[in-house]
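Reader: Here is a model I would like to explore with you. Shall we take it one question at a time?

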Amino acid sequence: MAALFRRAMDFLYLLCVLVGCTALVLISAVIPWAVFTRYVLNSAASWPEPMAVLLTIVLTFIGAAAGYRLNLHMSVAYFAKKLPPPLQRATDILVQLLMALIALFMVIWGERLVEVTWHNSIADFPSLSVGVTYLPIPIGGVCLLLFVIERIFLGVPPDPIGKHSETAPFE
């Protein structure tokens with residue numbers, strides 16, 4: 001069962017990375033288009049800026065869950081590393097429980113935000129619901145919660161890149 005859950009989390013992680021990378025690539029295409037239309041064509045397009053904001057929301061919440069899974073986020077662990085091993089484990093469990101609390105907050109309040117804004121529309125994209133634009137918040141919260149559960153019960157997932165030695169090229 002543990003191996004099946006780990007494989008499912010590997011798939012979810014890859015999905016989060018794919019969504020986050022796609023959002024980043026699209027942001028990188030939309031912003032230059034906005035600059036091109038404004039300064040070269042002298043006719044600024046109205047949609048690139050709100051599109052970039054929407055893609056940034058996707059990148060932030062979905063990408064952050066993926067970054068959390070492999071400890072690619074910022075953390076200050078200096079004092080925790082100075083504790084004896086049993087206290088280090090207790091501190092890690094506390095941190096994971098606090099992260100689960102944050103994930104639950106994102107799921108519950110993000111879902112409520114989606115529900116409240118579902119029937120509103122965005123001025124630049126009249127056919128797009130505001131609620132849809134907020135969907136990355138609860139989705140990212142669910143992903144984050146699953147990654148926290150994985151970490152508590154199965155430990156830190158293996159690094160897909162693996163360990164490599166850093167040696168000077170001209171030794």
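Reader: In which element is phenylalanine 36 found?
Author: Helices here are DSSP runs of H or I of at least four residues, strands are runs of E of at least two, and both are numbered from the N terminus. The run that holds phenylalanine 36 covers residues 2-39, which is helix 1.

Reader: Before we go on, what kind of model is this?
Author: Residues are numbered from 1 along each chain as its sequence is written, and side-chain values use heavy atoms, with hydrogens and water left out. Local features need pLDDT of at least 70 and side-chain atom pairs count only at pLDDT 80 or more, while totals for chains, interfaces and linings use all residues, because the model is predicted.

Reader: Thanks! Does phenylalanine 36 count as buried or partly exposed?
Author: Buried means under 20% relative accessible area, exposed means over 50%, and partly exposed lies in between (1.4 Å probe, protein chains only). Phenylalanine 36 has 34% relative accessibility, so it counts as partly exposed.

Reader: How much accessible area does the nonpolar patch on the surface have together?
Author: A patch is made of residues with over 30% relative accessible area and no salt bridge; like charges are joined within 9 Å, and nonpolar side chains (Val, Leu, Ile, Met, Phe, Trp, Tyr) within 5 Å. Areas come from the Shrake-Rupley method with a 1.4 Å probe, and for residues only the protein chains shown count as cover. The members are Ile31, Trp33, Val35, Phe36, Tyr39, Val40, Leu41 and Trp47, and their area together is about 790 Å².

Reader: How far is valine 35 from leucine 14, by C-alpha atoms?
Author: Valine 35 has its place in helix 1, and its relative accessible area of 44% makes it partly exposed. Leucine 14 is 21 residues away along the chain, and the two C-alpha atoms are separated by 32 Å.

Reader: How far apart are the end C-alpha atoms of helix 1?
Author: The expected span of a helix is 1.5 Å times one less than its number of residues. With 38 residues, helix 1 should span 56 Å, and the model agrees with that, because the end C-alpha atoms are separated by 55 Å.

Reader: Which helices do the buried residues of helix 1 pack against?
Author: The buried residues of helix 1 include Arg6, Leu12, Cys16, Gly20 and Ile27. Contact here means heavy atoms within 4.5 Å. The packing partners are helix 2 and helix 6.

Reader: Which residues are linked in a network of salt bridges?
Author: A salt bridge is a side-chain nitrogen of Lys or Arg within 4 Å of a carboxyl oxygen of Asp or Glu, and a search of the whole structure finds four. One of them joins aspartate 10 and arginine 69 at 2.7 Å, N to O; aspartate 10 lies in helix 1 and arginine 69 in helix 2 (residues 48-69), so the pair ties together parts 59 residues apart in sequence. Glutamate 150 also meets arginine 69 at 2.7 Å, N to O, and because glutamate 150 lies in helix 6 (residues 136-154), that pair ties together parts 81 residues apart in sequence. The network links Arg6, Asp10, Arg69 and Glu150.

Reader: In which helix do aspartate 92 and arginine 89 both lie?
Author: Their salt bridge has its closest N and O atoms 3.3 Å apart. Aspartate 92 is partly exposed at 28%, and so is arginine 89 at 42%. The two are three residues apart, about one turn, in helix 4.

Reader: Which residues does glutamine 96 touch, beyond four places away in sequence?
Author: Glutamine 96 has its place in helix 4 and counts as buried, because its relative accessibility is 2%. Not counting residues up to four places away in sequence, it touches Tyr68, Val148, Arg151 and Ile152.
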